[in-house]
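Subject: Structure handover and notes

Hello,

Here is the structure I said I would pass on. Please look it over before you read the notes below it.

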Amino acid sequence: MSTGSRSKRTQSLTDPSEYESTVPEIPMLQRLSEGTRKAVSQLMLQISKAYELSPGEILYERGQEDENTGALLVRGTMRVRRRGGEPIFVEAPEILGEIRHLLKATERSATVEAENDVTVLEFSWPDFDYMATKLEGLSPAQFQEFQAVLRQWAKERLAQLGGEDSDAL
């Protein structure tokens with residue numbers, strides 16, 4: 001169980017577009033071709049809202065049901081802990097919430113807590129998928145590339161966290 005406090009997710013006055021140079025540096029996005037990385041980064045910035053979290057505040061809590069959001073960690077460090085295992089520390093820039101999205105679960109699989117002052121750009125995965133596919137934010141080939149890279153990234157993250165359900169991805 002986490003010792004942190006539930007986040008009130010104080011919305012930042014910062015415009016997500018201020019992180020235009022940070023988002024493409026996210027290691028998972030670095031695995032994409034240049035054109036896909038640029039298109040995905042722009043789409044994520046377009047649909048995100050910036051939030052500030054203080055040390056100990058929880059972004060996601062294991063078992064929590066939510067609206068299937070993801071987050072781009074653009075400043076600071078988050079502690080990620082799954083089922084009482086050893087935590088991993090994730091430093092900006094990074095993507096969070098990908099496992100919950102890919103598992104199509106209704107609950108969070110890990111607790112994600114601010115280790116220090118952080119800024120996250122939170123977005124809706126359903127909005128991302130809709131804008132990417134229906135509004136042609138990405139070509140079909142770019143969307144397939146993104147999904148394949150995201151799936152592989154999530155499997156690696158689950159392995160780091162001691163997850164036994166990586167085959168479900």
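The notes below go through the structure topic by topic.

This is a predicted model, in which local features need pLDDT of at least 70 and side-chain atom pairs count only at pLDDT 80 or more, while totals for chains, interfaces and linings use all residues. Residues are numbered from 1 along each chain as its sequence is written, and side-chain values use heavy atoms, with hydrogens and water left out.

Leucine 45

Leucine 45 is part of helix 2, residues 34–47. Helices here are DSSP runs of H or I with at least four residues, strands are runs of E with at least two, and both are numbered from the N terminus. The relative accessible area of leucine 45 is 12%, so this residue is buried. Buried means under 20% relative accessible area, exposed means over 50%, and partly exposed is in between, with a 1.4 Å probe and protein chains only. Apart from neighbours within four places in sequence, leucine 45 is in contact (heavy atoms within 4.5 Å) with Pro16, Ser17, Tyr19, Glu20, Val23 and Leu121. Leucine 72 is 27 residues away from leucine 45 along the chain, and their C-alpha atoms are separated by 9.2 Å.

Aromatic rings

Rings of Phe, Tyr and Trp (its six-membered ring) pair if their centres lie within 6.5 Å; planes under 30 degrees apart count as stacked, over 60 as edge-to-face and the rest as tilted. By this rule there are five aromatic pairs. One of them joins tryptophan 125 and phenylalanine 128, edge-to-face, at 5.9 Å centre to centre and with 80 degrees between the planes. These two residues are three apart in helix 4 (residues 125–133), so about one helical turn separates them. Both tryptophan 125 and phenylalanine 128 are buried. Ring pairs also link Phe123, Trp125, Phe128 and Phe146 into a cluster.

The loop between strand 4 and strand 5

Asparagine 68 is in the loop between strand 4 (57–60) and strand 5 (69–75). Its phi is positive, at about 60 degrees, although asparagine 68 is not a glycine. Is asparagine 68 buried or exposed? Its relative accessibility is 12%, so asparagine 68 counts as buried.

Glycine 63 is found in the loop between strand 4 and strand 5. With 33% relative accessibility, glycine 63 counts as partly exposed. Leaving aside neighbours within four places in sequence, glycine 63 is in contact with Glu107 and Arg108. Arginine 108 also lies over the face of tyrosine 60, at 3.6 Å from the ring centre. The rule for this is that NZ of Lys or CZ of Arg is within 6 Å of the ring centre and within 35 degrees of the ring normal.

A cis peptide bond

Alanine 92 and proline 93 are joined by a cis peptide bond, with omega about -5 degrees. Proline 93 lies in the loop between strand 7 (88–91) and strand 8 (94–96).

The cavity

A cavity is a set of points on a 1 Å grid over the protein atoms alone where a 1.4 Å probe fits but cannot get out; lining residues have an atom within 4 Å of a point. The whole structure has one cavity of 30 Å³ or more. Helix 3 (residues 98–103) gives the largest share of the lining, three residues.

Regards

Conventions:
On a 1 Å grid over the protein atoms alone, a cavity is a set of points where a 1.4 Å probe fits but cannot get out, and a pocket is an open set with protein on both sides within 12 Å along at least five of seven lines; lining residues have an atom within 4 Å of a point. Grid points are joined across faces, edges and corners, and a volume is the space filled by probe spheres set on the points.
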